[in-house]
Amino acid sequence: MSEAGAGTTGTGWFTPVAADVQPADLNTGVPHPARMYDYYLGGKDNFPADRETAEQAIAAFPNTRNAARQNRAFLIRAVRHLVGEVGVRQFLDIGTGIPTSPNLHEVAQGIAPDTRVVYADNDPIVLAHARALLTSTAQGRTAYLDADIRDPERILASPELRGTLDLTKPVALSLIAIFHFIDDADDPYGIVRRLVDALPSGSYLALTNATGDHDPTFEPAAETYRSRGVTMRLRHRAEVERFFDGLELIDPGVQVVHRWRPDPTTEDLTDAQVSVYGGIARKP
């Protein structure tokens, strides 16, 4: 599950890349989490290896599709809150995934047309569809950066980011469903600290991470990913809360995502059916 490659999609207003026009480094014989996530959400930008591994994960953890969809719903609610209630007008979204409508900038600019968004991902299929992420309002702006979250300094120094966002003003850092694809050996907490440290006071961090706390069958599903060469690191609640160290969590704190400022469509879901923690915090 992923909001990217560490994310995902299919919109009605961009032309998909033809099946025979693929980036040179796109290996369709190996499953990729962004394309698997696209499959969970009902998209078409996936290949047999992705679908096969996704079905194995679903067999082990039948709520995989629920988890993906509720993670996506959290992102939309989070953006609406940050733009509509807090007044954020700049976003850095890392682990963007295959574009799915509504994309982050569509949600944000639907409320505040002058919102600016920088997307970053390192999946070649996301790069192939990046033009879907660059359709902005005239008042706002979007940019796409081909970069790996394990190299935060490159992201922060990039012309795409520096030319789009004003780092003297608050930025919402969106890290949705990416860190369960980052192992502890890659220092995920250090990555978050380096990114947040570069943002001014009044900025926000929105983050989600899959968990096995509520359904033990999620771990065998995670092993399906690992057996195909894809990192999958489920984290306990305290481990997810640690990502927000030094920041001010906003109510209701870190929750299973369907319980974070829920809407009526989530009323009948259990924590085990969703199994993704998420939260938003403000940099003081």
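Q: Is Leu127 buried, partly exposed or exposed, and what is its relative accessible area?
A: Let's start with the terms: buried means under 20% relative accessible area, exposed means over 50%, and partly exposed lies in between, using a 1.4 Å probe and protein chains only. Leu127 has a relative accessible area of 41%, so it counts as partly exposed. Keep in mind that this is a predicted model, where local features need pLDDT of at least 70, side-chain atom pairs count only at pLDDT 80 or more, and totals for chains, interfaces and linings use all residues. Residues are numbered from 1 along each chain as its sequence is written, and side-chain values use heavy atoms, with hydrogens and water left out.

Q: Where does Leu127 sit, and which residues does Leu127 touch, not counting those up to four places away in sequence?
A: Helices (H or I, at least four residues) and strands (E, at least two) are DSSP runs, numbered from the N terminus. Leu127 belongs to helix α5, residues 124-128. Contact means heavy atoms within 4.5 Å. Leaving out residues up to four places away in sequence, Leu127 touches Tyr144 and Asp146. There's also Ile98, 29 residues from Leu127 in sequence and 8.4 Å away in space, C-alpha to C-alpha.

Q: How many residues of helix α1 are buried, and what covers them?
A: Count the buried residues along the helix, then look at what touches them. In α1 (residues 33-40), 8 of the 8 residues are buried, so the helix is largely enclosed by the rest of the structure. The cover includes α2 (48-60), α3 (64-86), α5 and α9 (218-227). After α1 comes Gly42, with a positive phi near 90°.

Q: Which way do the residues of strand β4 point?
A: Follow the strand residue by residue. In β4 (residues 172-175), Ala172 and Ser174 point one way, while Leu173 and Leu175 point the other way, and all are buried.

Q: In what sense does β4 pair with β1 and with β5?
A: Two strands pair if DSSP finds at least two bridges between them. β1 (residues 90-94) pairs with β4 in the parallel sense over 3 bridges, and Asp93 stands opposite Ser174 in β4. β4 also pairs in the parallel sense with β5 (residues 204-210), over 4 bridges. There, Leu173 has Leu205 in β5 as its bridge partner.

Q: Which residues touch the most other members of the largest nonpolar core?
A: A nonpolar core is a set of buried Ala, Val, Leu, Ile, Met, Phe, Trp, Tyr and Cys residues joined through side-chain atoms within 4.5 Å. The largest one here has 90 residues, and Tyr40, Phe91, Ile94, Leu175 and Phe179 touch the most other members. Its largest share, 9 residues, comes from α3.
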